[in-house]
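Please find below a note on the structure under review. The comments are set out as numbered points.

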Amino acid sequence: MKRSLTALIAAVLVATTLSTTTASATPASKPVAKCEFTPTPENPAAKPVRIPSPVARAKGTVDVYFVTNYGPFVVRMDRANAPCGVHNFVHLVKSRFYDATQCFRLTNSSRLGVLQCGDIYRQEEGGPGYKFPDEVTGQETYPRGTVAYGNQGPGTNGSEFFVVHSFANIAPNYTVLGHVIAGMSTFDRMVAAGIADPDQDGPPVKPIRIYKVWTR
């Protein structure tokens with residue numbers, strides 16, 4: 001397992017070096033955004049994690065690296081588009097919230113083709129113990145490679161997110177964090193392995209596990 005994980009990490013780094021540019025450096029003077037994180041005592045944190053700082057960077061990008069049992073992928077997140085959302089995601093990554101977790105929902109219908117992750121216990125259960133508002137304009141679209149927050153209604157963002165492996169014909173109600181810049185073939189392998197539901201919306205046939213997530 002250790003050698004396999006090392007090989008996957010190396011593959012991520014090589015793929016990113018060959019196919020992308022590095023994340024933009026943080027300027028000495030940068031715009032910021034104020035964020036509102038509200039505790040949810042009725043839904044306590046599924047893993048130990050503090051509420052993020054209420055101040056977020058509002059410029060630049062950050063690359064987030066994932067290693068799964070189907071292979072690696074890299075997401076470039078846009079702080080300008082969703083400063084509080086990206087700030088929260090990076091905070092959760094640094095808190096190791098997503099490490100050793102499972103993605104409980106995979107869809108491949110005529111309307112929706114996504115992988116849903118970030119729920120610690122089961123689909124839509126097991127968040128960070130707080131919520132925060134959406135960052136949407138009403139003009140959002142969700143083509144292949146889009147990474148966005150999932151929610152259970154307006155202003156209920158937490159740790160749940162989804163990756164679009166084909167397309168998502170959905171209302172613009174989901175905050176877009178960024179896009180996959182390397183490793184889309186990982187999702188193709190997940191879909192090819194099958195979904196344990198005749199409607200193609202449910203748990204994957206073979207569990208999809210996130211081993212490790214980090215930023216750079």
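1. Basis. This is a predicted model in which local features need pLDDT of at least 70 and side-chain atom pairs count only at pLDDT 80 or more, while totals for chains, interfaces and linings use all residues. Residues are numbered from 1 along each chain as its sequence is written, and side-chain values use heavy atoms, with hydrogens and water left out.

2. Confidence. The average pLDDT (the predictor's confidence in each residue, from 0 to 100) is 90 for the chain, and 87% of the residues score at least 70. Over residues 13-28 the pLDDT falls below 50, although this stretch has 21 contacts in the model (heavy atoms within 4.5 Å) beyond near neighbours in sequence. Where pLDDT is low, predicted coordinates should not be read in detail.

3. Strand β4. Helices (H or I, at least four residues) and strands (E, at least two) are DSSP runs, numbered from the N terminus. Two strands pair if DSSP finds at least two bridges between them. β4 pairs with β5 (residues 71-78) in the antiparallel sense over 8 bridges, and a hairpin of 2 residues joins β4 to β5. β4 also runs antiparallel to β14 (residues 208-215), with 5 bridges. Thr68 stands opposite Gly71 in β5 and opposite Ile210 in β14.

4. Nonpolar cores. A nonpolar core is a set of buried Ala, Val, Leu, Ile, Met, Phe, Trp, Tyr and Cys residues joined through side-chain atoms within 4.5 Å. The largest has 41 residues, and Phe89 and Phe161 have the most contacts inside it. Helix α2 (residues 83-94) supplies the largest share of this core, 6 residues. Apart from it lies another core of 8 residues, including Tyr142 and Phe162. Not counting residues up to four places away in sequence, Phe161 touches, among others, Phe66, Phe89 and Ile210.

5. Asp119. This residue lies in the loop between β8 (112-117) and β9 (130-131). Asp119 is buried, because its relative accessible area is 4%. The side chain of Asp119 makes a polar contact with that of Gln116 (3.1 Å); such a contact is a pair of N or O atoms within 3.5 Å, and within protein one must be able to donate a hydrogen and the other to accept it, residues adjacent in sequence counting only if both atoms are side-chain atoms. A polar atom of the Asp119 side chain lies 3.2 Å from the backbone nitrogen of Glu124.

Conventions
Buried means under 20% relative accessible area, exposed over 50%, partly exposed in between (1.4 Å probe, protein chains only).
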